Structure formats: structure tokens, C-alpha cells
Amino acid sequence: MDIDLARAWVRAIAVAVGRHRDHLTQLDSAIGDADHGTNLDRGFTAAVAALSDLTPDTVGAVLTKTGTTLISSIGGASGPLYGGAFRALGKALDTPLADPPAFAQALAAGLASIQKLGTAAPGDKTMIDAYAPAVAAFEERARHGTGFAAAAAAAADAAEEGMRATTPLQARKGRASYLGARSVGHQDPGATSTALIFRALADTVAKP
């Protein structure tokens, strides 16, 4: 991961979120506040704009700026959760280049940030259910030296599997937890947007 790829990743996330904005909002309308897609679209659009005025010297600078912008432009819980994760990623990557092991550590720092703020665990029907398996998959591939593209693809696959696995769960955290058993049968919007973020990473690093 270099500075240009980090920029490209954020742009790819913005495109993916914009494309799936209505779907994310529909998912959120069933068990949340019906604003997840709109909020994330606004946040990542703002992040792309903010990066256009930035001259970063590290990968971390790109991701920290993204996180700061998300926090300031997204309402509700999503801004602090996603923004905090990207800020944690940025803090861990204060170099012009990041190899797979370093990026795996940064992803783990992002996960820790989300868990500290949201106090959620796997199985609670939140973004953690996509993020945690993605980190584990990336770390596994990084340990075996399979390369960044393979690690990112494995992470995206794991995130999507975790996303789908939220459907039969009963929510134990967040707005959806207020619904109790009525939250069963709905895919979690936060896990869905998290899967989009990891798929955007995989697609970005796979490009020649």
C-alpha cells in the first residue's frame, strides 16, 4: 500500500457507497434510523474532497485525514466508529509504504478502535461481524507472505461472509438491539457497509 493506492481506496469506497446508498438505507430502515446509506455517502464524498486538497507524505496521512473528515461529516454512531477506525489505521501507518504485515497491524488497530467505542463483540449483529473476520483473514494471508492483493481479497471474502451471517442474529448492540427478536432476519447495515469497504480495498489493490 502506497500513498496513491490509499487515495484510490478511499475513492473506491466513495463510489461503492454511492452505488449502494439506497440499499444500505433500506437495510437500515428495517432495524435502524434509515440513514446509514445517506450518512456514509455524505461522509466519503467529503473525504474524497478533503483528500484532493491534501499533499500527504505517508499512507497514514491519507487515512487519518479520511477518518477526521468522516467524524466531522457523518452523524450518529457511524461517524465516530468509521472515522475512529480510519484514524487508527492512519496512526499505525506513518510511512510512505505499508507491506501486508504492517497493514494487518493497522487493520487490527482499527478493529480495536471500533470495539473500544462501540463495545460490540462478534455475534452482536454489528459491523464487527464483518470487520473482525476480515482482519483475521488478512492477517493469516500476511503471515504466509501471499502478497497484498491476495490478503485483501481474502479479507473481502471474509467480510462478505460475516455480513451475510448477521441476518439470523438478534442484535445485542446499537439501535437494532431495541427491536429484540424483531431484528432477526435482517442483514446488518453496518456489516454491509464494512464489507463494501473491504471489497473496495481488494478491487483497488488488484488493479494493475
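**Helix contacts and salt bridges**

Q: Which residues of α7 meet which residues of α8 in this predicted model?
A: From α7 come Asp129, Ala130, Pro133, Ala134, Ala137, Phe138, Arg141 and Ala142. Their partners in α8 are Phe148, Ala150, Ala151, Ala152, Ala154, Ala155, Ala158, Ala159, Gly162 and Met163. By class, the contact holds 15 nonpolar, 1 polar and 2 charged residues.

Q: Why are α7 and α8 called roughly antiparallel?
A: Helix α7 (residues 128–143) and helix α8 (residues 148–165) pack at an angle of about 155°. Angles over 145 degrees count as roughly antiparallel, and α7 and α8 are therefore given that description.

Q: What else describes the packing of α7 and α8, and what is the hand of their crossing?
A: Their axes are 7 Å apart. The crossing of α7 and α8 is right-handed.

Q: How do you know that Arg143 and Glu140 form a salt bridge?
A: The N to O distance between their side chains is 2.5 Å. The cut-off is 4 Å for a side-chain nitrogen of Lys or Arg and a carboxyl oxygen of Asp or Glu, so the pair qualifies.

Q: What separates Arg143 and Glu140 along helix α7?
A: They lie 3 residues apart in α7, which means a separation of about one helical turn.

Q: What makes the pair of Arg199 and Asp157 a salt bridge?
A: Their side chains meet at 2.7 Å, N to O. This pair links distant parts of the chain, with Arg199 in helix α9 (residues 189–206) and Asp157 in helix α8, 42 residues apart. The distance of 2.7 Å is within the 4 Å cut-off, so the pair counts as a salt bridge.

Q: Why are Arg199 and Asp157 called partly exposed?
A: Arg199 has a relative accessible area of 23% and Asp157 has 44%.

Q: How many salt bridges are found in the whole structure, and which residues are linked in a network?
A: The search finds 6. Arg21, Asp22 and Asp41 are linked in a network of salt bridges.

Q: What describes the crossing of α3 and α9, and which residues meet there?
A: The axes of helix α3 (residues 36–52) and α9 come within 11 Å and cross at roughly 35°. The crossing is right-handed. His36, Leu40 and Phe44 in α3 meet Pro189, Gly190, Ser193 and Ile197 in α9. This contact has 4 nonpolar, 3 polar and no charged residues.

Q: Why is Ala112 called partly exposed?
A: Ala112, in helix α6 (residues 100–118), has a relative accessible area of 42%. That value lies between 20% and 50%, so the label applies.

How values were computed. Residues numbered from 1 in each chain as written. Predicted model: local features only at pLDDT ≥ 70, side-chain atom pairs only at ≥ 80, totals over all residues. Heavy atoms only, no water. Axes fitted to C-alpha atoms, helices over the stretch in contact; angles between N-to-C directions. Helix = DSSP H or I, 4+ residues; strand = E, 2+ residues; numbered from the N terminus. Parallel < 35°, antiparallel > 145°, perpendicular 65-115°, else oblique. Left-handed = near helix turned anticlockwise from the far one by under 90°. Contact = heavy atoms within 4.5 Å. Nonpolar A, V, L, I, M, F, W, Y, C, P; charged D, E, K, R; others polar. Buried < 20%, exposed > 50% of the residue type's maximum accessible area, 1.4 Å probe, protein only.
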